[in-house]
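Look at the predicted model below.

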Amino acid sequence: MVGMVSDDGKAAGLKAQAAHAVIKTRDLTKCFGALTAVRGLTLEVRHGEIFGLLGPNGAGKSTTLRLIAGLIQPTCGEVSVLGGCPDNDQIRRRIGMLSETIGLYRQLTVRENLVLFGRLYGLSERAIHKRLRELESLLELEDFVDTRVWRLSTGQRKRAALARTLLGDPEVLLLDEPWTGLDPVASRALRLHLVSLARRKGATVVICTHGLSEAAEICDRIGIICEGTLRVLGVPDDIVNSFSTGCRVLFEVGLQSTAIGAKLESLLDDIRFRSEESSHLKFEVNFDNEASLVKFIRECVYMGIEIYEVRRLRPNLEDLYMKVVGDAI
């Protein structure tokens with residue numbers, strides 16, 4: 001693993017939280033025949049932490065969640081949750097998991113499903129109906145709470161599955177792509193709720209996601225996994241800065257002719273065009289150093305390209321992700 005960053009005390013959300021680890025894995029490995037889906041994963045996730053696990057499709061994210069939840073057994077290595085084995089019934093009751101499958105009975109309504117699962121969680125009837133009202137508001141279930149699951153849209157099923165996951169107020173939440181199928185309002189409401197669960201109640205949250213902006217917004221730490229191996233681990237801002245080399249610059253230039261794009265590409269290969277208007281063109285360029293930036297500006301001036309704006313851009317999680325995943329492919 002590369003890019004390991006010491007993160008003690010760096011994430012603001014962790015400063016007020018207890019330091020003990022709720023989830024621990026050591027040399028965790030899972031093979032499916034000749035395929036190694038997870039390879040030697042050693043990781044600790046703390047009490048009250050929101051941890052984001054990022055990576056491309058097939059990287060091993062969902063398999064890692066299933067190992068932590070005790071749904072599948074590792075080929076070798078160890079995993080513990082809340083101080084015990086995750087396939088223990090008492091431990092499993094304290095874990096809420098949202099997987100790729102919705103985990104609801106298709107012939108029952110959303111309300112009937114939630115009441116049933118509430119009883120399985122050992123909640124009183126009063127507590128079930130109180131939580132149901134809260135979740136109806138949080139996830140906007142009101143319009144379809146009395147509809148049978150098989151009749152729901154994909155997005156509605158995802159919201160119903162999220163309600164089932166959150167119903168028992170679990171101490172550990174394992175969420176696989178929780179934003180998929182949610183509109184922006186519901187997505188933001190869920191993010192705020194997860195932060196509240198972590199900060200106020202000390203819930204430990206692990207999120208597998210392709211949503212880089214959401215992960216950067218709420219995760220105290222992230223890990224990037226590729227080909228079953230954890231490549232990067234740390235606080236988002238810290239690891240982004242540690243991987244940043246050179247500089248990324250936004251240019252706005254005059255669009256004097258249709259050949260302006262070809263002129264720019266003749267100067268540099270690594271140009272990302274962002275927008276084109278009737279008279280202006282915006283694009284990004286990555287430079288290895290300041291000297292390369294100055295040289296590019298001089299060449300633009302020499303070629304008669306009018307430069308209206310030059311703005312240095314801060315490195316972000318997408319830059320880091322593309323570098324790590326690109327280097328691994």
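Cys226 is buried, with a relative accessible area of 3%. Cys219 is buried too, at 8%. Buried here means under 20% relative accessible area, exposed over 50%, and partly exposed in between, with a 1.4 Å probe and protein chains only. A disulfide is a pair of cysteine sulfur atoms within 2.5 Å. By this rule the count is zero.

This is a predicted model, in which local features need pLDDT of at least 70, side-chain atom pairs count only at pLDDT 80 or more, and totals for chains, interfaces and linings use all residues. Residues are numbered from 1 along each chain as its sequence is written, and side-chain values use heavy atoms, with hydrogens and water left out.

Now turn to helix α4, residues 110-120. Helices (H or I, at least four residues) and strands (E, at least two) are DSSP runs numbered from the N terminus. The buried residues of α4 are Val110, Asn113, Leu114, Val115, Phe117 and Gly118. Their cover includes α5 (125-139) and α6 (154-166). Just after α4 comes Gly122, with a positive phi of about 85 degrees.

Step back to the protein chain. It has twelve helices and 13 strands. Of its 329 residues, 48% are buried. Contact means heavy atoms within 4.5 Å. Take the contacts between residues at least 6 apart in sequence: 71% join residues at least 24 apart. The chain exposes about 16600 Å², and carbon and sulfur atoms supply 49% of that area. Accessible areas come from the Shrake-Rupley method with a 1.4 Å probe; for residues, only the protein chains shown count as cover.
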